[in-house]
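Me: I'm new to this structure and would like to understand the words used for it. Could we go through them together?

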Amino acid sequence: MSAPRACVLGWPVRQSRSPLIHGHWLKTLGRPGSYEHAEVPPEAFEAFVRGFADNGFAGGNVTAPHKEAAFALVDEADAEAGALRAANTLWLEGNRLHGANTDGFGFLTNLDEAAPGWEGERKVAVVIGAGGAARAVVHALGRRGFERVAVLNRTRDKAEAVAALAGRAGWAAGLDELWRVLPSADLVVNATSLGMAGKGALDLPLGELPERAVATDLIYVPLETPFLADARTRGVRAVDGLGMLLHQAVPGFERWFGVRPVVTRELRDLVVADIVGAP
Ligand code: NDP
């Protein structure tokens, strides 16, 4: 049998650091196999996935805009993909296509490692944003047993739909109600795309955020967003989004290449160097 191939499917996808991450694991673990970018437009996505076996692919990661389309193709979905109706990891078992959503796992594992005790005493989270990434985060916080998961978004209707993913803990509001929930927060998450390189900053007042809280951003380019810098100046522990990206990759690698990899300092440093060195 030839060495397994895997890929990250996106449109565009050149910006993805997944080949760097998986390539590092293949090399350091001495596994045969390869991992590549697969720039696939929406109209070609289904044919590409249906051709996995013929082209030697054990599976792949899926990024924007294909996560919902990936879910629609799978024969078996894990609980997270089923709840979110979106898959970011695909693999073949025989001729059956399996799909998982590992974003929530990556999010929780990053906080567990970077900020022990981050759940706080009251387990109250404030999630700003209600896009695809926020859906995974809110669902994961609900499953982790958070008492309250407040979702605030510019478009309020979307906040309501996302808050429902945390079950009874979910609560939705517009951005102007941040002052109401921030004082009781153990965790505040920037899940908007504001603060990314080339975009404006998330400009919201964090003055009511208690010092015991943890702030985390899903963005990792740049590593230190204005949101995290603001939290840090208030004495709040701040966790960047890179660890989420690294940890969400672990289950896929294990499926395709047969070994569970470890997120090491060396790997983080490698990806940081790539981010910092990018034009
Ligand atoms: P989406 O495009 O699905 O959602 C974007 C969110 O940002 C929406 O809530 C949107 O609000 C909000 N937003 C955008 N512009 C503005 C604005 N000007 N003012 C207020 N709110 C705004 O993106 P994703 O959910 O896919 O991704 C969000 C971020 O998370 C990205 O930066 C992405 O890189 C990062 N991410 C990180 C991952 C990791 O592993 N670390 C994994 C996945 C994503 P509205 O609904 O009103 O439009």
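Me: Which residue stands opposite Ala215 in S11?

Reply: Val188 does. A word on the basis: this is a predicted model, where local features need pLDDT of at least 70, side-chain atom pairs count only at pLDDT 80 or more, and totals for chains, interfaces and linings use all residues. Residues are numbered from 1 along each chain as its sequence is written.

Me: What makes S10 and S11 a pair?

Reply: Two strands pair if DSSP finds at least two bridges between them. Strand S10 (residues 187-190) and S11 have four bridges, in the parallel sense, so they pair. Strands here are DSSP runs of E with at least two residues, and helices are runs of H or I with at least four, numbered from the N terminus.

Me: And how is S11 joined to S12?

Reply: By three bridges, and these strands run parallel too.

Me: Why are both faces of S11 called covered?

Reply: Val214 and Thr216 on one side, and Ala215 and Asp217 on the other, are all buried. Buried means that 20 or more other C-beta atoms, placed from the backbone, lie within 10 Å of a residue's own.

Me: Which residues come nearest to the ligand?

Reply: Gly131, Ala133, Arg154, Thr155 and Thr192, out of 25 around it; near means a C-beta atom, placed from the backbone, within 6 Å. The elements giving two or more residues to this shell are H5, H6 and helix H10 (242-248).

Technical notes
Buried ≥ 20, exposed ≤ 12 C-beta atoms within 10 Å, placed from the backbone.
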